[in-house]
Amino acid sequence: MASLTVLLQLTLLVSFALIFHANGQGLKVGFYHEKCPNLEPVIKDVIYKVISDKPTLAAPLQRMHFHDCFIRGCDGSVLLESPTKQAEKDAFPNLSLRGFEIIDKVKLAVEKACPGVVSCADVLAIVARDVTFAIMGPFWEVETGRKDGKVSILNEALTGLIPPSANISTLKKGFADRGLNMKDLVVLSGSHTIGISHCSSFSNRLYNFTGKNDTDPTLDSEYIVKLKQKCKLGDQNSIVEMDPGSFKTFDVSYFTLVAKRRGLFQSDAALLNDGETKAYLKFQALNKGPTFFKDFGESMVKMGRIGVITGEGGEIRKVCSKVN
């Protein structure tokens, strides 16, 4: 009986620990105020110089934070390298990520200012905010205090990241499993207002949607014609703007496109298959996005709390690509 009691106590402790990490407890705005007071200006200086020169890096640097948080939580595991190419960054969904050298550049500047203080996971979170703001997007206060994880596994990213072909049920479950709701789903999907995609991510919608050499009936027919001009049959490598005409600017035009059935991915079109997500995107599209920027910042803060390591757990990596 005593052993059973001990077992139950241990189970409860583990459960509380999981809740502690999952809810982002231990994070706060200004976590480094005393130990690294100039942290955010240091990062901002590097990022603004990078984005002013290469604005197309904003989207992949923002997406890197997404991909980090959705696998093992926001622990910087997407940055780790493996000599045998078995880390998260080696998984197919992450091969299109760019800007790892920029994270290294930021980390170097941070280490120069405050050696051994700031985690790579926190660097990713702040960079995601700064690149968004640098291309005319919203600004939000970033909670910090994350520690870096020590594990990065290719198969977890391969099977755990939500694919662009996801339907609404898969999207709902993927977000709910991470403590995010339907509003977070549609709001964070709005990040597709920036960036580019390879034809391979959506070509099935143009040429072989159901295996019968057909097109996706939920995709606007005129848009299909335009996309086929850029992505010929069998072309996997050409690139297309995710938000044609303003893919370098963070704005609300994504919602207008999706409402017109011109979302590039199946996961974009899927937002029209749920009453709550459909209502939100149509409201933003019809009213020029009155709440989108505010909502995006709030959802990014929520996402940044997923599975964080705080307190005595994890480590502060000296170099973001390898454990200490």
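1. Which cysteine does a disulfide join to Cys36? In this predicted model, the partner is Cys114, with an S to S distance of 2.0 Å. The pair links distant parts of the chain, since Cys36 sits in the loop between strand E1 (28-29) and H2 whereas Cys114 sits in the loop between H4 and H5, 78 residues apart. The torsion about the S-S bond of Cys36 and Cys114 is about 75 degrees, so this disulfide is right-handed. Buried means under 20% relative accessible area, and Cys36 counts as buried at 2%, as does Cys114 at 7%.

2. The structure holds 4 disulfides, and, with the bonded cysteines numbered in sequence order, their pairing is 1-4, 2-3, 5-8, 6-7. One of them joins Cys199 to Cys231, the sulfur atoms being 2.0 Å apart. With -75 degrees about its S-S bond, the link of Cys199 and Cys231 is left-handed. This pair, too, links distant parts of the chain: Cys199 lies in the loop between E3 and helix H9 (204-207), and Cys231 in the loop between helix H10 (221-230) and strand E4 (239-241), 32 residues apart. Both Cys199 and Cys231 are buried.

3. Helix H3 (58-70) has 13 residues and reaches 19 Å from its first C-alpha to its last, which is close to the 18 Å expected at 1.5 Å a residue. The helix is mostly covered, with 12 of its 13 residues buried, and what covers those buried residues includes helix H2 (39-53), helix H4 (100-113), helix H5 (120-134), H7, H8 and helix H14 (292-303). Among the buried residues of H3 is Cys69, which a disulfide joins to Cys74 (S to S 2.0 Å); Cys74 is buried as well. The torsion about the S-S bond of Cys69 and Cys74 is about 120 degrees, so that disulfide is right-handed. H3 is followed by Arg72, whose phi is positive, near 65 degrees.

4. The largest pocket holds about 1200 Å³ of space, and of the 44 residues that line it, the closest to its centre are Arg63, His67, Ser96, Pro164 and Phe265. H3 gives the largest share of this lining, 8 residues, while helix H7 (168-176), helix H8 (182-189), strand E3 (196-198) and helix H12 (266-269) each supply at least two. By class, the lining of the largest pocket has 24 nonpolar, 16 polar and 4 charged residues.

5. The second largest pocket holds about 220 Å³ of space. Its lining is made of 15 residues, of which Phe31, Tyr32, Lys35, Val117 and Lys147 lie nearest its centre, and this lining divides into 4 nonpolar, 7 polar and 4 charged residues.

Definitions and conventions: Residues numbered from 1 in each chain as written. Predicted model: local features only at pLDDT ≥ 70, side-chain atom pairs only at ≥ 80, totals over all residues. Heavy atoms only, no water. 1 Å grid on protein atoms, 1.4 Å probe; cavity = no way out; pocket = protein on both sides within 12 Å on 5 of 7 lines; lining within 4 Å. Points joined across faces, edges and corners; volume = space filled by probe spheres on them. Helix = DSSP H or I, 4+ residues; strand = E, 2+ residues; numbered from the N terminus. Nonpolar A, V, L, I, M, F, W, Y, C, P; charged D, E, K, R; others polar. Expected span 1.5 Å × (residues − 1). Buried < 20%, exposed > 50% of the residue type's maximum accessible area, 1.4 Å probe, protein only. Contact = heavy atoms within 4.5 Å. Disulfide = S-S within 2.5 Å.
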